[in-house]
Amino acid sequence: MKRRAFIQNGSALATGLMLAPRITAQAGAGDADAVVQVKGASPYEITRRAVSELGGMKHFVSRGDVVMVKPNIGWNRTVEQGACTHPEVVRAVVEMALAAGAKKVVVMDNTCHKAEDCYQRSGIAEAARRAGAEVRFSDESRLAVHDFKGEVLGRWPVFRDHLEADKFINVPVLKHHGSSGLTMAMKNLYGILGGNRGKLHRDMGENIADLAAGFRSHLVVVDAWRVLVRNGPVGGRLSDVEERRTVIASANIMHADVAAAALFGRDARQVESLQAAAARRMGEIDIARLPLRRLDA
Amino acid sequence: MDRKNGRRLQRLRILSQLLFLVLFFFLLARLAGGPSAPPAWTGLFFYLDPLFLWVGLLAGPLLRAFLLALLPLLLTLLLGRFFCGWVCPLGALHQFFTWLGTRRRRRPPTIARGWLRPKYLLLAGLLAASLFTVQLLGWLDPFSLLTRSAATVVLPGGNALLQQALQAGPRPLYELGRRALLTVTQRSFLQAAGLGILFLGLLLLNLRRRRFFCNTLCPLGALYGLLAKFSFLRLRINDACVKCNACAGGCTYQGGPYQDYLKSECLLCGNCLADCPAAAIDVTLAWPGKKQRPAVDLGRRRLLGAAGAGLAAAALQLASPSRRGGTHAFLRPPGALEEKEFLRRCIRCGACMQACPTNALQPALFQAGAEGLWTPVLVPQSGYCEYECHRCTQVCPTRAIARLRLEEKKQFKIGTAVIDRSACYTYADGYNCAVCEEHCPVPEKAIRLREVEVETFRGRRRLVRQVYVVPDLCIGCGICESVCPRSDRPAIRVGAEEEQRQNPAG
């Protein structure tokens with residue numbers, strides 16, 4: 001063996017050994033890459049359980065933080081239709097953030113249908129308000145240009161509310177999506193954007209990965225209580241919705257999506273946005289090697 | 001009546017006008033916002049309008065609600081034009097601007113009966129035309145005019161101004177104001193400039209001629225004037241009169257009980273009673289015999305001429321290409337009746353535009369022919385027909401848009417989407433894009449994707465998911481066109497192809 005080859009192999013091995021414990025170790029509290037998947041009888045309870053398994057909300061939210069909670073409120077659809085995040089999941093997240101000492105929790109999305117309708121029909125506005133959050137509509141006059149410094153996505157207008165928040169909690173719903181295959185946490189970040197977002201549907205996977213790499217989600221809670229398995233993302237037909245009674249949580253947005261894709265029945269390696277995320281070294285794309293714990297609550 | 005009581009009456013009249021104006025805007029606000037359909041009583045002012053009772057009578061099965069219009073008709077036979085003076089919300093606005101104009105110039109104006117006549121001739125012309133299916137009463141009817149102007153100009157304009165003003169102030173105040181007063185998204189309407197200039201112009205004309213619109217143009221005022229001629233209530237000058245002509249100083253029709261008393265024009269505003277220094281004006285009841293009908297002389301020839309002009313206008317319209325039907329480049333709201341019947345019933349009030357949550361319904365210019373001016377058209381580039389909404393079908397006062405239950409509306413085909421392959425990214429550029437497919441609200445998806453190998457403009461072969469429309473499933477809601485990300489023109493457009501129209505009988 002040549003000396004150069006020896007050094008190269010050696011350093012690769014050393015790097016591998018250093019990383020190994022992070023990836024192969026049982027996912028534990030406080031691990032930034034850990035993923036927890038909880039199945040149970042109430043969307044509220046499994047959300048609380050999943051976050052506590054990650055070390056509790058105190059691990060993600062500090063006293064005095066302004067916390068932005070970003071559910072998917074994109075569509076004028078009911079809870080049963082599964083097009084928006086379950087209001088009980090949102091309620092649990094808001095309550096936990098407030099209990100962890102957040103100064104203020106804001107719930108907001110840039111909707112596809114008319115905002116007032118979506119906020120109301122999804123049940124999210126009422127649930128969030130009752131949990132103590134401030135429910136805000138996206139305000140076109142509050143856009144600021146943010147540089148995502150991505151491979152395809154550079155400067156793009158983002159609602160200031162998201163940029164100004166201390167912590168950002170990404171609370172998507174897992175569902176089928178015509179053009180990107182699946183929509184989960186990374187795609188949910190479209191909701192922080194203003195401008196002509198439709199343009200980003202070109203090379204969508206690349207854009208999604210750039211979005212997630214260029215804007216930090218401190219915590220991700222994927223609602224998979226009801227999963228729209230066909231005719232997403234807007235759906236409408238109840239026969240296209242399956243109850244999976246599951247929530248997935250992680251501080252690593254890619255890992256949350258890899259686990260969610262597996263739950264949906266898709267190999268993450270077949271999902272364009274996750275391929276792009278893997279190329280950006282955002283995490284592990286192989287579900288078998290994911291630091292994932294599956295629990296029954 | 002002495003001056004004190006005259007002032008009391010005057011104040012009571014102003015209070016009544018204010019209340020009805022507030023009621024009007026309350027009902028208008030009730031048309032918009034909220035997920036559930038607005039209640040039928042939001043159409044109250046339209047149901048009180050005898051001109052629309054006439055429209056309903058002409059158009060076939062009459063809505064019982066329009067029988068309400070008999071009430072002001074009968075009361076007018078008793079009292080005269082109380083409605084114009086005490087009830088009409090548009091009249092209240094004109095009264096306010098008139099007051100602004102007369103505050104400084106109190107000198108009694110000269111009599112000019114010629115300015116009072118056009119409204120009668122307009123009424124004659126409009127009624128004649130309506131007999132021949134060209135129904136244009138809504139252009140000038142006060143409630144149509146006010147609803148249309150308020151919905152497309154006053155409210156959106158006010159919202160925009162207020163937003164700008166609030167933004168200049170501190171942020172907490174802005175947030176509070178945005179929550180309490182502003183609409184979440186700024187609404188905008190085609191023709192707003194024209195409609196705005198017209199509306200403001202009519203209001204400003206009051207500074208030159210008192211209650212210009214009411215005295216000169218209003219067809220409803222004309223109808224009430226014709227009846228008021230035969231009303232029982234009248235003003236009478238008694239012996240205490242000192243001939244000072246102070247009663248003309250505030251008279252809305254620039255006459256007054258002393259110099260030119262006209263029962264057909266008196267709006268019972270009470271200004272003369274409040275201005276008379278000698279308590280020389282009595283309010284009396286008298287049998288409207290031949291000598292008790294002071295009114296504007298119309299002249300048979302003039303009336304016939306006006307009716308003839310109305311017929312000529314109708315003939316022009318009936319002979320116009322738009323009446324031939326065939327292809328057309330506009331969409332009607334869901335539930336719209338067959339076009340001729342739709343035009344006959346539509347009173348151009350814009351209630352549907354006010355009710356439409358997405359700003360999709362817009363006043364037409366001449367797409368639907370000259371007679372179609374200000375009728376509602378659905379413009380997907382402005383907004384889309386929300387799948388879960390049927391508000392416009394619930395608020396149309398004359399049912400030019402038939403009542404549809406939400407489930408019926410979801411099936412109602414407004415038109416059909418077509419893809420412009422020379423513009424769509426998935427065809428022209430070989431890129432994946434499926435924003436239209438994503439938004440398609442039909443559960444089975446009327447827009448679908450198929451994977452095709454294409455050669456891109458760079459000459460590379462590539463698999464692309466191309467979008468296509470399933471015409472039988474498409475309901476023409478237009479959300480695809482409204483969200484197409486192309487910046488120059490939408491690559492998917494909804495046209496009237498296979499559009500459904502409601503049968504008037506059904």
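Biologist: Which residues does B:Cys480 touch, and what makes them contacts?

Modeller: B:Cys480 touches B:Ala417, B:Cys436, B:His439, B:Cys440, B:Ile447 and B:Ile492, leaving out residues up to four places away in sequence. Two residues are in contact if their C-beta atoms, placed from the backbone, lie within 7 Å. This is a predicted model: local features need pLDDT of at least 70, side-chain atom pairs count only at pLDDT 80 or more, and totals for chains, interfaces and linings use all residues. Residues are numbered from 1 along each chain as its sequence is written, and chains are lettered from A and ligands numbered from 1 in the order in which they are written.

Biologist: What makes the largest nonpolar core a core, and which residues touch the most other members?

Modeller: A nonpolar core is a set of buried Ala, Val, Leu, Ile, Met, Phe, Trp, Tyr and Cys residues joined through C-beta atoms within 7 Å. Buried means that 20 or more other C-beta atoms, placed from the backbone, lie within 10 Å of a residue's own. The largest such core has 128 residues, and B:Cys352, B:Cys436 and B:Cys480 touch the most other members. Its largest share, nine residues, comes from helix α7 (residues 118–131) of chain B.

Biologist: How far apart are the two domains of chain B, and how many residues make the contact?

Modeller: Their C-alpha centres lie 38 Å apart. The contact takes 31 residues from domain 1 of chain B and 24 residues from domain 2 of chain B. On the domain 1 side, α2 (44–47), α3 (50–59) and α8 (142–168) of chain B each give two or more residues. α8(B) gives the most, with six residues. Helices here are DSSP runs (H or I, at least four residues), strands are E runs of at least two, and both are numbered from the N terminus.

Biologist: What classes of residue does that domain 1 side have?

Modeller: It has 16 nonpolar, twelve polar and three charged residues. Ala, Val, Leu, Ile, Met, Phe, Trp, Tyr, Cys and Pro count as nonpolar, Asp, Glu, Lys and Arg as charged, and the others, Gly among them, as polar.

Biologist: Why is helix α2 (residues 43–53) of chain A called largely enclosed?

Modeller: Nine of its eleven residues are buried, so the helix is largely enclosed by the rest of the structure. Among the buried ones are A:Pro43, A:Tyr44, A:Ile46 and A:Glu53. The buried residues of α2(A) pack against β1 (35–39), α3 (87–99), β10 (219–228), β11 (241–250) and β12 (292–296) of chain A. A:Gly55 follows α2(A), with a positive phi near 110 degrees.

Biologist: How many helices and strands does each chain have?

Modeller: Chain A has ten helices and twelve strands. Chain B has 21 helices and eight strands. Buried residues make up 58% of the 297 residues in chain A, and 47% of the 506 residues in chain B.

Notes. Domains from an automatic or database assignment. Buried ≥ 20, exposed ≤ 12 C-beta atoms within 10 Å, placed from the backbone.
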